[in-house]
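Subject: Structure for your review

Hello,

Please find the structure below.

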Amino acid sequence: MDELDLALVNALQHDPRASWARLARPLGVDAATLSRRWARLSASGEAWVTSSAGPSQLDYGAFALVEVGCLPGANQRIAAEIATDPCAGSVEHTTGNRDLLLTVSAMSVAAVSEYVLDRLGAIDGVTFTRTHLSHRLHREASRWRLDSLSQDQRRDLERGGGSGSGNEPGPLRPDEAAVVVALSPDGRRSHAALAAELGMSEARVRRAVTGMLASGRAVLRCEAAHWLAGWRVTGMLWLNVPPPRLQSVADRIATMREARMVCSVVGRANLMVNVWVHGMNELAAYQARLVSLFPEIQIVEQSVTLKWVKRVGRLLDDQGRSIGCIPLDPRKTARAALNPPPG
């Protein structure tokens, strides 16, 4: 990916549904060029825009990180099977004391239990599962940026941006949840295309998109093939933080450049940090910096992702290109996986 590719992705991270005309000035190229660039990037799977429920929805459902152990030689088959599940948002093959690490979203803690026990427990070759329930997302990955733009370019994008400032707390309405799922394969789909698929009026779709994005009940994120974009090492740090310091430490870590996701979980390791860096040396330096900044924390474990099989609903190849989409849908749990629709 060249500099314009990376700048375009970075610009869409700031405003995923921005028109090409609005991006033309800060990026210094014409709208037609940007349109062609994006068509190439999205067709090749090198970049994409997807959607998911916002962090506020954790109050109305459940989010968990689930470790999965596999029999020797069964990893790839099991990972591919789990990746078809709509409530398994991400599937990673990792180093450390597990073979696979999943992120699971569901409508309740009971639904997470059902998924782990009835779905994962029934897969041939699974040797164990360990579930870490999250009680707060301090940072989710839609806020992570490539930082390929200058300060002037970022300021230009922020002027007249379309993020909105509404505040409508509460769970996603059924029509909004349907729109989130429909936006998963392509977060830049037009209101007209969404309306035709969902059987809604275009005005209703427009209101749903505007309202849920402005309030943060849903988020859009522009992603790129991490290996091709230069982010070649991704992994997870499992931290133990003294409970009185958990929120302040987590909120501080959430501002750090390397952290893509930061979530408090129940367990001995009570804070999990998903880290993206350019190389293994940067990962070691980041850990040293954490311990220096927060002497009270303990790094319980660290793991490196050997292969992303799925990330936020996107099936990925070895270099992180998108090769398919299984939209993340917390409304579908173990029963949907055990009893798929005919055909």
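**Strand pairing**

Strands E7 and E10 run antiparallel and are joined by 6 bridges. E7 covers residues 233-240, and E10 covers residues 298-311. Helices (H or I, at least four residues) and strands (E, at least two) are DSSP runs, numbered from the N terminus, and two strands pair if DSSP finds at least two bridges between them.

Before the rest, the provenance. This is a predicted model, in which local features need pLDDT of at least 70 and side-chain atom pairs count only at pLDDT 80 or more, while totals for chains, interfaces and linings use all residues. Residues are numbered from 1 along each chain as its sequence is written, and side-chain values use heavy atoms, with hydrogens and water left out.

Back to E7. Of the 8 residues of E7, 7 are buried, so the strand is largely enclosed by the rest of the structure. Buried means under 20% relative accessible area, exposed over 50%, and partly exposed in between (1.4 Å probe, protein chains only).

E10 has a further antiparallel partner in strand E3, with 4 bridges joining the two. Val 91 is bridged to Lys 310 of E10. E3 spans residues 88-94 and is mostly covered, with 6 of its 7 residues buried. Strand E4 (residues 100-106) pairs with E3 in the antiparallel sense over 5 bridges, and Ala 88 stands opposite Val 104 of E4. The hairpin of E3 and E4 has 5 residues between the strands, and Gly 96 takes a positive phi near 100° in it.

Val 68 belongs to strand E2 (residues 62-70). Val 68 counts as buried, at 0% relative accessibility. The C-alpha atoms of Val 68 and His 93 are 9.6 Å apart in space, and the two residues are 25 apart in sequence. Leaving aside neighbours within four places in sequence, Val 68 is in contact (heavy atoms within 4.5 Å) with Arg 98, Asp 99, Leu 100, Leu 102, Leu 120, Val 126, Phe 128 and Thr 129.

**Helix packing**

Two packed helices are described by the angle between their axes and the distance between the axes. Axes here are lines fitted to C-alpha atoms, for helices over the stretch in contact, and angles run from 0 to 180 degrees between N-to-C directions.

Helix H1 (residues 3-14) and helix H3 (residues 31-44) have axes that come within 11 Å and cross at roughly 90°. H1 and H3 are therefore roughly perpendicular to each other; angles under 35 degrees count as roughly parallel, over 145 as roughly antiparallel, 65 to 115 as roughly perpendicular and the rest as oblique. From H1, Leu 4, Asp 5, Leu 8 and Leu 12 meet Thr 33, Leu 34, Arg 37, Trp 38, Arg 40 and Leu 41 of H3. By class, this contact of H1 with H3 has 6 nonpolar, 1 polar and 3 charged residues. Ala, Val, Leu, Ile, Met, Phe, Trp, Tyr, Cys and Pro count as nonpolar, Asp, Glu, Lys and Arg as charged, and the others, Gly among them, as polar.

Leu 34, in H3, is buried with a relative accessible area of 0%. Its C-alpha atom is separated by 7.5 Å from that of Leu 8, which is 26 residues away along the chain. Not counting residues up to four places away in sequence, Leu 34 touches Leu 4, Leu 8, Trp 20, Leu 23, Ala 24, Leu 27 and Val 29.

The axes of helices H7 and H9 (residues 202-215) come within 10 Å and cross at roughly 85°. That makes H7 roughly perpendicular to H9. Among the contact residues are Glu 176 of H7 and Ala 208 and Met 212 of H9. The contact of H7 with H9 divides into 6 nonpolar, no polar and 3 charged residues. Glu 176 is buried, with a relative accessible area of 1%.

**Cysteines**

A search of the whole structure finds 0 disulfides (pairs of cysteine sulfur atoms within 2.5 Å). The sulfur of Cys 325 is 14 Å from the closest cysteine sulfur, in Cys 222, too far for a bond. Cys 222 is buried at 5% relative accessible area, whereas Cys 325 is partly exposed at 24%.

Regards
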